[in-house]
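Please read them with the structure open.

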Amino acid sequence: MTNSKLAWRNLSRNKRRTLITAASVFFAVFFALVMRSIQLGSYDYMYKNVIESYSGYLQLQQTDWWYEKTINNSFEYDSEIRETLTNDENVLELIPRLESFSLASSGANTKGVMIMGIDPVKESLLSDISKKVAKYQLTPEAIEKITIDENFSEKIIKNAELFEGNYFNNKERLLTDLGINIDDADKYMPLLEPYCSIEGSQIELGDPGVWIGTGLADYLLLNPGDTLVLMGQGYHGTTAAGKFPVRGLLELPVSEISGRIVYMPYDIAQQFYNTGNQLTSVVLHLKNNDDRAIEDTKERLDDSVPPKTRITDWKEMNEVVIQQMEADNVSGMFMIGILYIVIAFGIIGTVLMMTAERKREFGVLVAIGMQKKKLASIISYEMIFIGLLGVIAGALVSIPIILYGVEHPLIFKGEIAHMMEEYDFEPKLVFESINLYFIWQLLVVGIMVLISLIHPVRKILNIKVVNALRA
Amino acid sequence: MILLTAWKNVWRNKSRSLVVITSITIGIFAGIFAVGLMNGTMEQRVDAALNQEISHIQINQKEFTDNYNIKLLIDNKNQLKQMINNVDGVEATTLRTLITGIANTATKSTGVQIIGVNPENEKQVFNLHSKTIAGTGSYFEKETRYNQAYIGEELAKELNIIRYRIDNKMIDRLRKQEVPEETISKLEPFIGERFPSQKAFSRTIEKALSEKETANYGHIILDAAWSFRERSKLTLTFVDKNNIQTGAMFRISGIFDVSNSMFEKRNVFIRNEVLKNLTGIEPDKTHQAIIKIADRDQSKEITGKLEAMFPDYQTRHWKELSPDLAMMTGMIEKFNIVFLIIILAALSFGIINTMLMVVLERTKELGMLTAIGMNKRRVFSMIMAESVFLSLVGGVVGIIVSKIMLLFTANTGINFASAAQGLEEMGFSSHIYPTISNTFFITVTILVIITGMLSSIYPAIKALRLDPSDALRTE
């Protein structure tokens, strides 16, 4: 009879204990897998969100611009640069930007703002900013009309009051915040639209229209169609001043940015700041986003870009975000670590009991001529089976949950959603699909099993048959 | 009697009981400590917000905070202050004028909130004055004939008031800190250079030194190169009461360092009378009254009282001023409990196994007890009591160990310097002092008892099912 078969039979001798021990492993593995999936998924999502939609993986910048973001640290965007960059095998498209600061005012109100000069068409390769243009707002007037309208329940009116003044860039968000099931959109949207809709149109190269953040719009009391006055310092100390019609309001997840951002076509920004053909940065849209490919591209281009410019990578540009994720990651692993330590003790306890209980049995087996090594290996098989049972059960139960989560990310509603946005997080729980972290759990459980084996194996190898038989 | 038997039973198989107790001790200790860290982080954030940023209650004209309209003033400020201070529970009041504007230096400019304060009154409400970085001056202590401004470290960096430079003085400082000559010699070629920002400086250092050197001495070098230009100037431009663009030059009075980089970046403090002079706000008017109360749990009631006294103004307590903060404190409590329950659930498997073993091992004994007339309820409660004792001993030891650890770390704190920038960007300190409330210890104890009881149910039922005649016959 093989060792593993014997081990299996030994396990079924005390099914209850086997199952409970395996269940404890299952419990830890299940929690660890789901937790890791959510954590890694949200990092991935954040990476995508921040890096792929805003900074990109690589940017061409004037040498000092990243350290000192003034309009004077800009560079000439001529055909030579364009050619150098687009000739690289990994660069698909160039996304030009001109960023600077200015004073924005309307009526008696003034505020310092960030100006983002973009190419609206190319920018959509990174993130479709035009999708962020607010379509609905719960103005006090709108809420008043909703309150009188008999089609809306008490609950909806209450929710509407809770979110007074908020903007929404799609109907799903409006409906969820109002507590209306999305399936009822056909019933409610025609009723809501006349009350809540606000204007919003595109900006285009050559057209001096701007988009402003909803926070800024609230501050300056501006609506689409109104005029925004900008005044600031242009290139090399020239005065920059102009009037721009507001084309739309941007509802951005981060309130801090929404209170101080103005988007305009980059050629209009160049005119405004008197920079001529200058830009502050060019985002390189890449074919291949692997770490390796990014590094190679950076190295290749670093040598060929003109003097006074340099390639900045996403790690440098997103230092803070990476640190925040790192801190969160460590705290998550810490918690899983605690869970595993607790489980490991449970297993060790079980093994201890089992060894003590079977001391006599071991003695008999050795006395009738079983090799100590063989006995030790049987016990090892037993423990490995228990571990495997737990891991497999944990994986089997968590896989459907994780796969479901990958397809249907959990979206938070109401106040929690708004609080998360306050901290720059999108109110969304994204799951990471099955991945390397599964292997990690297997490894951890493996190590736990190995540690728990130390005691029984030593006991068996040092067994004194006479004493053991008397136990 | 049953309890005594159960207690004695726990110690019949010492090593087995000790394994379970140890695992519970470790689980409880680790759980409490993790919760302590989270609580500490939260508590420090709330503390910073209340002591440096918003305090407990703010009163201003309705709609003032929507866009800081300079004309939304409160009349008769002295009478207002008098009335507020007469309310029970109010500790101190400070009056502020607030405008938005732009801070400029020769090379940089950025949008800021300019806050006019009375330094003496501010000290009674906020502790910002104690956050001055040594060597950068003071919180309006020195009387000079210039206008003075008190700004945050991040703003000073952004405006190039603080910069990084490598010079002979810096090298001397490094020698004093016992940085090896080999490392210093690598920095010497840069003597005389200035760097516009910390990032630019770090990049140069990282290129010049090996990775190990940067890791070991990076912080020391950064500190040594940090240089503040004394008598630095700052121009503030803003719109006055009559919508006319105006401004004035200020000397830096001092630079403060708090754990919220947004707050450091956004605020410039100047003397109230200077701001009023420049903007034409009448001396007896003010924008905002900020109130510190003795007990922060009373903020709601006191706000209610003040609201009744000043129906024309907007009165808000800190939970309304910073709803996300209030919500997070509420959420973290729930999260802590959930986290503990998960740990206890994991522990319960070990307890169940042990108790099951206890029952099977004592089959004969239990059979005997039932045979001589011990009723089922007593058998059940004996096993349950044993299980509760087992978990309670572990729980209590765990609590004691964590108490000791908390005492140790309460003074020194735990420093997560590597994530400092990321944490401070969100307003959290990276140096965390774990804290646990006594009520939480009670919650833990109750949860441990419940875990012990729940884990014993299955083994106890097993014990009840034993047939005395069969049980007596087992070996």
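Which residue stands opposite A:Ser105 in E4(A)? It is A:Thr110. The points below start from that pair.

1. Ground rules. This is a predicted model: local features need pLDDT of at least 70, side-chain atom pairs count only at pLDDT 80 or more, and totals for chains, interfaces and linings use all residues. Residues are numbered from 1 along each chain as its sequence is written, while chains are lettered from A and ligands numbered from 1 in the order in which they are written.

2. Helices (H or I, at least four residues) and strands (E, at least two) are DSSP runs, numbered from the N terminus. Strands pair if DSSP finds at least two bridges between them. Strand E3 (residues 91–106) of chain A runs antiparallel to E4(A), with 10 bridges. Two residues separate the strands of this hairpin. In the turn, A:Gly107 has a positive phi of about 60 degrees.

3. The other partner of E4(A). E4(A) is joined to strand E10 (residues 261–265) of chain A by five bridges, and this pairing is parallel. A:Met114 has A:Ile261 as its bridge partner in E10(A). Strand E4 covers residues 109–118 of chain A, and eight of its 10 residues are buried. Buried means 20 or more other C-beta atoms within 10 Å of a residue's own; exposed means 12 or fewer, and partly exposed lies in between, with C-beta atoms placed from the backbone.

4. Cores. A nonpolar core is a set of buried Ala, Val, Leu, Ile, Met, Phe, Trp, Tyr and Cys residues joined through C-beta atoms within 7 Å. The largest has 113 residues. A:Val210, A:Ile212, A:Val262, A:Tyr263 and A:Met264 touch the most other members. Contacts of A:Met264 include A:Ile115, A:Val210 and A:Phe244, not counting residues up to four places away in sequence. Contact here means C-beta atoms, placed from the backbone, within 7 Å. A second, separate core of 94 residues includes A:Phe27 and B:Leu37.

5. Domains. The bounds come from an automatic or database domain assignment. Chain A has domain 1 (3–50 + 321–470) and domain 2 (57–317). Their C-alpha centres lie 46 Å apart. Chain B has domain 1 (2–49 + 325–473), domain 2 (55–160 + 230–321) and domain 3 (162–228). In chain B, 50 Å separate the C-alpha centres of domain 1 and domain 3.

6. A sheet in chain B. Three strands form an open, antiparallel sheet in the order E6-E5-E7. Its edge strands are E6 (193–195) and E7 (226–228) of chain B. Strand E5 (residues 162–166) of chain B is joined to E6(B) by three bridges. B:Arg165 has B:Arg194 as its bridge partner in E6(B).

7. The chain contact. Chain B contributes 47 residues and chain A 45 residues. On the side of chain B that touches chain A, H15(B) gives the most, with 16 residues. That side holds 25 nonpolar, 17 polar and five charged residues. Ala, Val, Leu, Ile, Met, Phe, Trp, Tyr, Cys and Pro count as nonpolar, Asp, Glu, Lys and Arg as charged, and the others, Gly among them, as polar.

8. A loop residue to check. B:Leu72 is in the loop between helix H3 (64–67) and helix H4 (77–85) of chain B. B:Leu72 counts as partly exposed because 18 other C-beta atoms lie within 10 Å. B:Gln61 is 11 residues away along the chain, yet the two C-alpha atoms are separated by 5.9 Å. B:Leu72 touches B:Gln61, B:Glu63 and B:Phe64, not counting residues up to four places away in sequence.

How values were computed. Contact = placed C-beta atoms within 7 Å.
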